[in-house]
Amino acid sequence: MHKLLVKLSSSSSSFSSNPLRHSKNQRFILPLLPSSITSNPFTASGSPPRPSIPANRFISRFGYPCSADLFRKSPTLCSNSTTFGVIWSSRCISSEAGRESIEYDVLIVGAGPAGLSAAIRLKQLCQQNNIDLSVCVVEKGAEVGAHIISGNVFEPLALDELLPHWRQQQAPIEIPASSDKFWFLTKDRAISLPSPFDNKGNYVISLSQLVRWLGGKAEELGTEIYPGFSASEVLYDASDKVVGIATRDMGISKDGSKKENFQPGVDIKGRVTLFAEGCRGSLSEKIIKKYKLREEVNAQHQTYALGIKEVWEIDESKHNPGEVVHTLGWPLDPKTYGGSFLYHMNDRQIALGLVVALNYKNPFLNPYEEFQKLKHHPAIKRVLEGGTVLQYGARTLNEGGFQSIPYPVFPGGAIIGCSAGFLNVPKIKGTHTAMKSGMLAAEAAFGALHEGLNMNTYWDNLRDSWVWKELYAARNYRPAFEYGLLPGLAVSAMEHYVLKGKVPFTLKHGKADHEATDLARKCTPIEYPKPDGVLSFDVPTSLYRSNTNHDHDQPSHLRLKDPKIPEKLNFPEYAAPESRYCPARVYVEDEEGKPKLQINAQNCLHCKACDIKDPKQNIEWTVPEGGGGPAYSLM
Amino acid sequence: MKILVAVKRVVDYAVKIRVKPDKTGVDTQNVKMSMNPFCEIALEEALRIKEAGFAKEVVAVSIGPSQCVDTLRTGLAMGADRGIHVEANSSFLPLTIAKILRSLAEVENPGLIFLGKQAIDDDCNQTGQMVAALLGWPQATFASKVVLDNDKHVATVDREVDGGLETLSVDLPAVITTDLRLNQPRYATLPNIMKAKSKPIKKMTLEDLKVDIKSDIEIVEVTEPPKRKSGVIVSSVDELIDKLKNEAHVV
């Protein structure tokens, strides 16, 4: 212990006389126990432009059960949910056998547009103010960008603020939007309508590529990014304040026992923790429930849509870079909100997708099959003919807008990006608002850590920003469709041309998505045509194109709170909707037609549709081992 | 004793690949790359030997473009002590790689060289054998068990051969290539990934190693396999024989 103190004080004297750093080292000493310390301050991240700065955090090793317990002062640290079965209790045992703990100033969960914008903004503020804060981003995908999928027609508003010189820095933003087409589809025709969108100044991009670029920028500035690590639980201190996350144990086999290569997860702590997990983030949802963040501002529930997308490489003659097409109508029925998009990127690639709102009523609806139908429409078919599919993927997105924004600050951190829900539904853009929310949270976190301000400044600044103005003006478009397709279109036209959100009322959302499903016996089954293998495909073929994979010998990450509900309720009452809305065929009925649910967790695309749409909210999506899931690169 | 482990950066095994439109090769742009699974097994075995006390140092080496450094960092995070990156802008065939590894072995003087039995992108299964031949060292390929007897400077290796298992005794220094059942590679933990950032990776060029990279083999064309045609149900044995004779030309 004494040797350690001497070591620390000598290294701290080599630091700049920064009270922040010095006080941090002092804080570390207290919880450590003599017998188990093998800490060694190691050199910081290998980011090129910076000189070797002594570490401002280090790892402590705990070899004994008692030390782990003492370090965690709170008994609630082992779990934060009541839904754990056999598998989690074995994880708790492993946690006592030596979990390492790493501390940062700011911990960001999720390397998406919001998370990376927050990291970049934090490092920029550090540079401007000549101090240093350690920033760590953990990402469950195997690489930055592997789990990123989006339309995407990008509005560079937030990027202009974040990195004003992006145009000279080889950002993968090259194709300006050149036209805005809007079609109403019937089974055979495409009727051109005046476009409600104005994408002048926007760019057709691959968000996965842009996020990879942002990741590089964040690392250049000194952010530590760790892909391949999934945050499986939130860590709290004795006062119920969030102090960080724990990564999932690796190397547990299907039956819960430890495999040869078992590695316990690691506790990553942050003085501020920002959750940027994207739509329906697994930990963010727990935080929102725990701190009652929706109730705090009288927000409504969040509503969602499922987007299914393919990137095609098409014939040169049919390719028109920058062309932006949106459709409404067929194949969806007038009671189901949704539409499709077709964007021409570069390299003869196009992005094609269908977005279906998850408050659809007919449990027989299969969004994946609707997408396959769409591709056979003459107007779409003629673009695709002669082309090949490069990638496939699916992800849910927020449609709640303004009415569903929760209070995003909680003790210990904040929620940014789609985990809170800033997508502008009539524009169908969420990237720019997610990035801005990340930047604002970073500014608040910097203020909290450097100047002792409160994180609430994030909420205040959000409400003063263009994000709020935009979402407020857009708030009545989507709820109007609760009354039907035509009333929805009428209100949209009114809002777009005349009202622009300046009405004294705010329409409310209807039922929550999982409550909106009608009973199967009240609805007509839908017959879907067989795939032709050229334009439409079966799920396994599409899934192969998502490059999704998980180590099969791990416990299923899809937890059933009550394992009997699928056969007692989902199957008889709702005709097993999970076997229809899942775009990865994770949920399959037993081969003999018996109502037994088989969960092929290995196929999962991490879209979260099941977590949202299951009628009794019986399916809980939790993170699998890090590094699994899809490997998107063009999406 | 020092162990040299050669690792290759290849397209991840779960990724769907496609052939480039100009047929010069497989499209590797914007595609997820990782360490070859057999190389991971090789590195894991080297680390276990070091942990058992038979070796002092494990050196990981990779030959390729600058992104190979990422693969080496993963190796360092698993536990290798240092890395060597041999800069090469085109992809090389096994004989060239073997020549490079031979030069490196003459510089580093390892007691063992571990390689994966084959790379999952070319499935050549040649590099390990060629390195052994160039160095004049014994080789034990498709290893499913490796036991070192450090006193005798001998390794006893079980090999997976077509007929079953073959046990060889090889004098060190030797070349061993690893097969699937040898071990289960460890995960790179977060603390180890952080520590790996400060482990050294030495950059070397082909000029440094004095290797002649001229290859006698040139890849002319890469095409996708022909699409599987759907099967035909025949109605009688005569029809079957007729089809086998006149359509498939196999009888």
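Three bridges join strand β1 (residues 2–6) of chain B to β6(B), and the two run parallel. This is a predicted model, and two parts of it get a look here: strand β6 of chain B and the contact between chain B and chain A.

- Five of the five residues of β6(B) (residues 112–116) are buried, so the strand is largely enclosed by the rest of the structure.
- B:Leu112, B:Phe114 and B:Gly116 point one way, while B:Ile113 and B:Leu115 point the other way.
- In a regular strand, side chains alternate between the two faces of the sheet.

**Where chain B meets chain A**

- On the chain B side, 22 residues are in contact with 33 residues of chain A.
- The two chains bury about 2600 Å² between them, with 61% of it on carbon and sulfur atoms.
- B:Tyr187, B:Leu190 and B:Met194 supply 29% of the area that chain B buries against chain A, more than any other three residues.

**Polar and charged links**

- There are three salt bridges across the interface; A:Glu260 and B:Arg48 meet in a salt bridge at 3.3 Å, N to O.
- Helix α5 (residues 190–196) of chain B gives the most to chain B's side, with five residues.
- By class, that side has 11 nonpolar, four polar and seven charged residues.

Definitions and conventions
Residues numbered from 1 in each chain as written. Chains lettered and ligands numbered in written order. Predicted model: local features only at pLDDT ≥ 70, side-chain atom pairs only at ≥ 80, totals over all residues. Heavy atoms only, no water. Buried < 20%, exposed > 50% of the residue type's maximum accessible area, 1.4 Å probe, protein only. Helix = DSSP H or I, 4+ residues; strand = E, 2+ residues; numbered from the N terminus. Pairing = 2+ DSSP bridges. Contact = heavy atoms within 4.5 Å. Buried area = accessible area lost by both parts, 1.4 Å probe. Salt bridge = Lys/Arg side-chain N within 4 Å of Asp/Glu carboxyl O. Nonpolar A, V, L, I, M, F, W, Y, C, P; charged D, E, K, R; others polar.
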